[in-house]
Amino acid sequence: MKCPTPFKKHPILSSIVLCFAVILISSALWGRFKPLPNGTSIESEWFPVGEITFLHDLTYRKEGERQVEQEIFNHIFSLIEEAEEFVILDMFLFNDEYNREYTYPALAQSLTDKLIEKKTSDPSVKISVLTDPINTFYGSYPSSMIEQLEEEGISVTLTRLEALRHSNPIFSTFYAPFISHFGVEGNGWISNPFSPDSPKVTLRAILKTLNFRANHRKVIVSEKQAIVSSANPHDGSFYHCNIAFSIKGPIIGQIAHSESKVSEFSAGKILHEAVKPDSTETELTAVRWVTEEKVRKQWVEIIDEAKEGDKIDIAMFYISERKVIRAIKKAIKRGVGIRMVLDANKDAFGREKNGIPNRQVASELMHIADGNLQIHWYHTEGEQFHSKLMAATLSSQDRFFTIGGSANLTRRNICDYNLEADVCVRTPLQSHLHQEIVDYFDRICTNRDGTFTDSYETVADNSRVKKWIYRFQEFTGACTF
């Protein structure tokens, strides 16, 4: 005689369990495969370049003293001043929250003041700001910067992250159907992870952060130029090393329209009409706009084109995405000379990190280097090497390609989870841009006129445990990189 199962004895329990399972499966499938918001994951046509300038911020040591070179926000402030029709700014971190044990210049407030000054002096200029809801801790408390901007009639849109796919599916599959509806509001009792001086937050707000998705773009565009960057207007990020491209030419219409699409799916507001590009495939110097997964596609295509004797330089805050790593390994084996400058993943706004994922990826690549790979760790002392840049000198094609912007080389950044934005530029060899970017790498790799980088052996880490932690985190999305 067979014993009845608990479900047969309790049909109501059976129905509840089945319903729960159906909800979780549906949430998992929807979070993984739901359509991307319209206008995202874009690879534009090639546009002719009116003018393009490579910008960088560097913090380094010289004769024992800290040196700071800042170019990016000086150009951003000039863009705002010179605009006559519109300014669209899309920035991830836009706040002054950090551990007050340290002191940083008021970068976020300076940008806020510059935007307000422009709106006051020239009210006809339409100014729109897009940003990530992390700046209000996902609605837990107001942002003083946002309040100041809105009081002056400047439009501010918080990105609707719910439109994006689940980057941390293990957590988000349960969170979306069962927790998200309760919101984050209320009297907080948990210390703010950003700063002990910031308002306390609720447990529901902390849980919302564990979805690990973001509008991670760093873009500003007017009718005259666009700046695509790796730099955030965040006080605690002031001393980070970053890169940017300032671009003039018809691509600014494409960029403005793409940013308008973010506003449209977030708040229903259209900021800029579409601009149909002309075909420019014959141009020797050209630029294209790439976002989300198309950033990965562009990186892999350029690396795959490199042949023996070609050279590729990479500067990166986080590198972990497996398709890109496989492409790099194949290039090394083909005899492509690769030089990498990586953040050692040890500093995070006053907290010490464990080196994952960069040290594990570096160890994997050095295992097959065979003389074709150099890895340098940027020498940081509290700040981060936050750049995201590739420079490919393809002598076999007599062409130079460079790509840079907001996107780290991680699953979250370049696999259609976060919102990201880069530009890719192609020029003939020995163009001014080619020489300038190669000189940037030469300077920091050889420690010319300062201490910029340390040798690979300085913080090399061959730990197998950390390697498998990295691989698990990268595969599942259960991580912050």
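I began with F400, which stands opposite T427 in β18. Strand β17 (residues 399-405) and strand β18 (residues 421-428) pair in the antiparallel sense over seven bridges, where pairing requires at least two DSSP bridges between two strands, and strands (E, at least two residues) and helices (H or I, at least four) are DSSP runs numbered from the N terminus.

I noted that the model is predicted, that local features need pLDDT of at least 70 and side-chain atom pairs pLDDT 80 or more, and that totals for chains, interfaces and linings use all residues. Residues are numbered from 1 along each chain as its sequence is written, and side-chain values use heavy atoms, with hydrogens and water left out.

I then followed the whole sheet, which is open and mixed, with nine strands in the order β1-β10-β18-β17-β16-β11-β12-β15-β19. Its edge strands, each pairing on one side only, are β1 (47-48) and β19 (453-455). Helix α8 (residues 251-267) packs on this sheet and touches β1 and β10 (286-291), contact meaning heavy atoms within 4.5 Å.

Next I looked up P35, which is placed in the loop between α2 and β1. P35 counts as exposed because its relative accessible area is 58%, the classes being buried under 20%, exposed over 50% and partly exposed in between (1.4 Å probe, protein chains only). Leaving out residues up to four places away in sequence, P35 touches W30, A163 and R165. The C-alpha atoms of P35 and L164 are 8.6 Å apart, although 129 residues separate them in sequence.

Last, I checked L29 in helix α2 (residues 11-33), which is partly exposed because its relative accessibility is 47%.

Note on methods
Axes are lines fitted to C-alpha atoms, for helices over the stretch in contact, and angles run from 0 to 180 degrees between N-to-C directions.
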